[in-house]
Every structure is written in structure tokens, then in C-alpha cells.
Amino acid sequence: MTISAPAGSRDLPHPAREEIRLEGVLHALSDPMRLMIVRELAAAGGGELSCSQFELPVTKSTTTHHFRVLRESGVVRQVYRGTAKMNCLRGDDLDGLFPGLLDALLAAADRQSARRR
């Protein structure tokens, strides 16, 4: 279950740590665009990146959909800073629930990417 944001608020709903489900995380990361987003966030070293910093080969509405799936599955946290929607990985939450999963998936994605070159 996702925690609802207050009505009229710019706070975005996120699942609480204990509500993050493995199948939701794996579903979110099964899409190449979403995996690309997560890889870029991981490369940022735990920092925040705005949605506009990602150059994805899809429409803005599709990009919004991908970020929503990542947020609702508990993979990323999104917060507004002024007019920008900032994104960061929920690495501590994911590692606490599924130790080593995110690192293993990112390493596998790196190996796959290297094979394509």
C-alpha cells in the first residue's frame, strides 16, 4: 500500500520501507528506460538529480510514467525543490530489505552494457 500525500500538497506518495515488495522492485527494474534512470542515479553517488537531467529517448509523458513506477515501487524517492522534481535512489531502504540486490542488478546491467559495445 502506498502512503497518500495530503490533498493539495506537492508531496508525492511513496511506499513506507516495510511496504516495498521484491516483485514491485524487480518489475520496475525490468524496463530498460527505468534501469537506465537507476543506473544514472547510482552513478550520481547518492545525490539527487532532477527529472530534466535525464536524456531519455521517449516523450515527456512516458518519462513521467517511468519515474512514477520507480517511485511507487520504492526504488526512488522524489521531492520537489522549488519547481524541480528531484530524484534519489532509496539505496538504504533497498539494501536493508534485499541486501546486495541493487548492487548485483547494477553490476549485471554494467556487464550487459559492456557486451553491447
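**Strand pairing and helix packing**

Biologist: In E3, which residue is the bridge partner of Gln78?

Modeller: This is a predicted model, in which local features need pLDDT of at least 70 and side-chain atom pairs count only at pLDDT 80 or more, while totals for chains, interfaces and linings use all residues. Residues are numbered from 1 along each chain as its sequence is written, and side-chain values use heavy atoms, with hydrogens and water left out. E2 and E3 (residues 84-89) pair in the antiparallel sense over six bridges, where pairing requires that DSSP finds at least two bridges between two strands. In E3, Arg77 stands opposite Cys88, and the bridge partner of Gln78 is Asn87.

Biologist: In what order do the three strands form the open sheet?

Modeller: Strands here are DSSP runs of E with at least two residues, and helices are runs of H or I with at least four, both numbered from the N terminus. The three strands form an open sheet with antiparallel pairing, in the order E1-E3-E2.

Biologist: Which residue takes a positive phi in the hairpin of E2 and E3?

Modeller: The hairpin of E2 and E3 has two residues between the strands. The positive phi, near 65 degrees, belongs to Gly82.

Biologist: At roughly what angle do the axes of H2 and H3 cross?

Modeller: Axes are lines fitted to C-alpha atoms, for helices over the stretch in contact, with angles from 0 to 180 degrees between N-to-C directions. H2 (residues 32-43) lies across E1, E2 and E3 at about 80 degrees to E3, whereas H3 (residues 60-73) lies across E2 and E3 at about 115 degrees to E2. The axes of H2 and H3 come within 10 Å and cross at roughly 70 degrees.

Biologist: Which residues of H2 and H3 make the contact?

Modeller: Contact means heavy atoms within 4.5 Å. On the H3 side it is made by His65, His66, Phe67, Val69 and Leu70, and on the H2 side by Met33, Arg34, Ile37 and Val38.

Biologist: Why is the pair of Phe54 and Phe67 edge-to-face?

Modeller: The structure holds one aromatic pair, where rings of Phe, Tyr and Trp (its six-membered ring) pair if their centres lie within 6.5 Å, and planes under 30 degrees apart count as stacked, over 60 as edge-to-face and the rest as tilted. The ring centres of Phe54 and Phe67 are 5.3 Å apart, and the pair is edge-to-face because the planes stand at 70 degrees.
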